[in-house]
Amino acid sequence: MRFAVIQFGGSNCDLDTHHALQDVCGVDTDLVWYKEGLGRTYDAIIIPGGFSYGDYLRAGAIAARTSIMEEVLAHVRAGRLLLGICNGAQIGAESRLVSGTFTINSYPKFICRWSCIRVENANTPFTLSYKEGQVIRIPIAHKEGRYVASSSTLKELNNNHQIAFRFCNREGISTPEVNFNGSMEHITGVLNKHNTVLLMMPHPERASEKVLGSDDGRGIFESMIAHVEKG
Amino acid sequence: MKVPIQITISLKEGILDPEARAIQHALADLGFPTERLSSARLFFITVEALTEEAALAQAQQMCERLLANPVIHRYAVEVAR
């Protein structure tokens, strides 16, 4: 089993994500510079957070059009796992790997803080170590994280259980006060139709060890590993 | 021929524009209340094409493939006079 973390110019959560996978979860993980290409097949690819291309044009827009993303799309078409975290989620949305997009927060400034999210679908390769409805504590850090989609897309996502996470309070209730970026329907984690792509704004790698204040996020990586092990 | 083109990218009707809202508030604080304020992004490009129509078609492709995000944006392309 081997995972890859793709590094773009401006990625800055690449080493944290690599550490969480390789050292904390014990899965062999390569750091792949985007210009080098994938070079081999991977069981899972993670696009980490950061500010690829300085967020020029729109966050993730330019990285989404680089040639390595064609390899990533082929990886996804082959049914293998892709996790996009924060800027990685923006890149994934700009690559149209899921429906909808992430845009500027409703209060248009950078937010960096702890958040609680509720697991809406625990029957996916990314969430199988959680229980449905479980509240997990994971930090967010973004300026363009407000999830937006058309009403027909939202309906489809709800019907197909493609919403992985929603912002909520500690009791698991979604209120406007804890929807820090103003996302539609409090959504902050979205799946593709086959549940093989998860794009999420919160940073699980920043909540993967108790020493960081929470290890609630580690379950996402552990779920992916368990899913791949199962075959 | 070289064709100068202006591309306007703006938010679709109904999509929240927090920056425009903040600017509107700031203008009101300066004593300029406005009933409506929206913002857009302009690109000025020059392309080589056989006809203006071909140049506009190229610009439209640029919008579809990179400059606009169809989830939230609409765009307009025109020959810059």
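Predicted model: local features only at pLDDT ≥ 70, side-chain atom pairs only at ≥ 80, totals over all residues.
**Entry 1: chain A overall**

I began with the size of chain A. The C-alpha atoms fill a box of roughly 45 × 35 × 35 Å along the principal axes. I then checked the radius of gyration, which is 16 Å for chain A. A compact globule of 231 residues would have a value near 17 Å, so the two agree. I looked up burial next: 55% of the 231 residues in chain A are buried. For contacts with a separation of 6 or more, I found that 76% join residues 24 or more positions apart. I noted 5 helices and 11 strands in chain A.

**Entry 2: the sheet of chain A**

I traced the strand order. The sheet is open, has 9 strands and runs β2-β1-β3-β4-β11-β10-β9-β6-β7 in chain A. Its pairing is mixed. I marked β2 (29–33) and β7 (135–142) of chain A as the edge strands, since each pairs on one side only. From one strand to the next, the twist averages 25 degrees.

I looked at one pair in detail. Strand β10 (residues 187–191) and strand β11 (residues 197–200) of chain A run antiparallel and are joined by 3 bridges. I found L191(A) bridged to L198(A) in β11(A).

**Entry 3: helix α1 of chain A**

Which residues of α1 (residues 14–24) of chain A are buried? I listed D14(A), T17(A), H18(A), A20(A) and L21(A). They lie on the same side of α1(A), because they cover an arc of only 160 degrees around the axis. I then looked for what covers them. The cover includes β1 (3–7), β2, β3, β4 and α5 (218–230) of chain A. Just after α1(A), I noted G26(A) with a positive phi of about 75 degrees.

**Entry 4: S52 of chain A**

I located S52(A) in the loop between β3 and α2 (67–77) of chain A. Is S52(A) buried or exposed? I counted 28 other C-beta atoms within 10 Å, and the cut-off for burial is 20 or more. S52(A) is therefore buried.

I listed its contacts, leaving aside neighbours within four places in sequence. S52(A) touches F8(A), G9(A), G10(A) and S11(A), among others. The list also includes G60(A), I62(A), A63(A), N87(A) and I91(A). I checked one further distance, to K109(A). S52(A) and K109(A) are 57 residues apart in sequence and 18 Å apart in space, C-alpha to C-alpha.

**Entry 5: chain B**

I turned to the sheet of chain B. It is open, with 3 strands in the order β2-β1-β3 and antiparallel pairing. The edge strands are β2 (40–48) and β3 (73–79) of chain B, each pairing on one side only. Neighbouring strands are turned by 20 degrees against each other on average, direction ignored.

I counted 9 bridges between β1 (residues 2–11) of chain B and β2(B). Within β2(B), V47(B) stands opposite V3(B). Helix α2 (residues 52–67) of chain B packs on the sheet and touches β1, β2 and β3 of chain B. Its direction makes about 35 degrees with that of β1(B).

**Entry 6: where A meets B**

How many residues are in contact between the chains? I found 14 residues of chain A in contact with 9 residues of chain B. I sorted the chain A side by class: 6 nonpolar, 5 polar and 3 charged residues.

Technical notes. Residues numbered from 1 in each chain as written. Chains lettered and ligands numbered in written order. Contact = placed C-beta atoms within 7 Å. Nonpolar A, V, L, I, M, F, W, Y, C, P; charged D, E, K, R; others polar. Pairing = 2+ DSSP bridges. Helix = DSSP H or I, 4+ residues; strand = E, 2+ residues; numbered from the N terminus. Axes fitted to C-alpha atoms, helices over the stretch in contact; angles between N-to-C directions. Rg over C-alpha atoms; globule rule 2.2 N^0.38 Å. Buried ≥ 20, exposed ≤ 12 C-beta atoms within 10 Å, placed from the backbone. Arc of directions from axis to C-beta.
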